[in-house]
Amino acid sequence: MKVLLSGYYGYGNFGDELMRLSMEDFFKKYKIEYTLALPKRISKDTISRFNLLELVGAIFDSDAFIYGGGGLLQDITSFKSFFYYVFSIHISFLLNKPVILFGNSFGPVRKPFDRFLLRYTLKNDKLYVFARDIVSYRYAKHINKKATLSCDPSIRFLSTLNTHPEKKYDLILIPRKIENVEQYDILKRYFQSIIVCPAQNSDIQTAKEISKRLNADYLDNPDEVNTVLSYILSSRFIISERFHPTVVGAYFGIPFISLENSKAERFFRKYTNRTDFFAKDLVDLPQRLKSVSESPLYLKFEMDKECDESFKKLYKILIRIKSFGSIL
C-alpha cells in the first residue's frame, strides 16, 4: 500500500505540522508507504506540490491520495489555494485514484462558483470524507453518504506525549492579526509572566510587536512543533487566535480562550454547549477568566476515543482500496 499525503504542510504552521506528524506516525505504525507533498522537494520521499509532473506522477504511483487535516476547502484565504486543492483532487479522480479527506473542515465558501466546485467535488463516488466538525459533517453528509464525523488528526500525536513540564508562565498568547494590538495591553492586569508565541511564520511580526508592548517573553521559532508544544504545556492559561493551541489546551485541560476563530467554535460544538471559551475580543476578559479557569475543558478521554475510532476507519478503508483498487 502506498499513499500520497498532502495538506498545508511546510509553511511553518504549528497546527498543520502537528497533523502531519500524526499522519506520518500512523503510516509508520501500519507500514504504509507514503510520499509527502511539500512546497519544495527535499528528499526522494517528497514531491513539490507545485510541480504538476511530480504531482501527477505521485498520484499515479499511489493507491490513494490523502489530505491529512485542515480547513483546506475554503475561499476566505484565497481562491488560488481553494482551486489548487480542488484541482489536485480531480487529477486523482481522472487517474481513477480514490481521495480521502481525513480530519478536514469545509468553508466558509463565499463565491457561488466555488460553492458549485465544492459540491461537485464532494459528491464524487471516489471520495471519502472524514469531517472534524459537526457543521462540515452535516454539509458533506448531505452530498456524500460516505461522509463520517472524525477527530482532528493532531490528537494522535498529542496522545503520545507523556511529559508534564513545570508551569513557567501564567499565560501563553498566540496572536494572529496585526490590527488593534493595543487590545492586548489589558493582559498585564491579570497575568504576570507572559510568553507570546507565533503559531505560523506569518504571525511573527505581530507577535514581536505585542511582546514588546507587554514586556513579555517571545518565542522566535514557530517552525519547531515540539518547542511550541512545550511552551503551551508550561503555561497556566492560553489565549489564542489560532485553532490548534486551543485543541492542545482542551486535550490537556489547560484553560483557554479562543479569539475570533470560527474553526474552534465549530470544532468544540460536538463536545460542549458552553460559549465562554470563545470571544471576539478581550472586552469581557475578567468574567471569562473566572469561569474558564474554574471549569476548564478537559477532553482527553473523549478525544482519544474519537481518534482511535477515526484512524481505525481510515485503516479499514485503505485495506479495502488495496484489495479492490478503485472499486469502493
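Begin by selecting Phe113, which lies in helix H4; helices (H or I, at least four residues) and strands (E, at least two) are DSSP runs, numbered from the N terminus. The model is predicted, so local features need pLDDT of at least 70 and side-chain atom pairs count only at pLDDT 80 or more, whereas totals for chains, interfaces and linings use all residues. Residues are numbered from 1 along each chain as its sequence is written, and side-chain values use heavy atoms, with hydrogens and water left out.

H3 and helix H4 (112-122) are the elements that give two or more residues to the nonpolar patch.

Next, display helix H3 (residues 79-94), which lies across strands S4 (64-73), S5 (99-106) and S6 (127-131) and runs at about 160 degrees to S4. Such angles run from 0 to 180 degrees between N-to-C directions, the axes being lines fitted to C-alpha atoms, for helices over the stretch in contact.

Now show the open sheet of seven strands, ordered S3-S2-S1-S4-S5-S6-S7 with parallel pairing; two strands pair if DSSP finds at least two bridges between them. Its edge strands, S3 (46-48) and S7 (148-149), each pair on one side only. Strand S1 (residues 2-6) is joined to the parallel strand S2 (residues 33-38) by four bridges, and Leu5 has Leu36 as its bridge partner in S2.

Move to the loop between S5 and H4, where Pro108 lies. A cis peptide bond, with omega about 0 degrees, joins Gly107 and Pro108.

Select Asn96 in the loop between H3 and S5; its phi is near 60 degrees, a positive value in a residue other than glycine. Asn96 counts as partly exposed because its relative accessibility is 38%, the class between buried (under 20%) and exposed (over 50%), with a 1.4 Å probe and protein chains only.

Finish at Thr246 in helix H10 (residues 244-252), which is buried, with a relative accessible area of 0%. Not counting residues up to four places away in sequence, Thr246 touches Ser240, Phe256, Ser258, Ala264 and Phe268, contact meaning heavy atoms within 4.5 Å.
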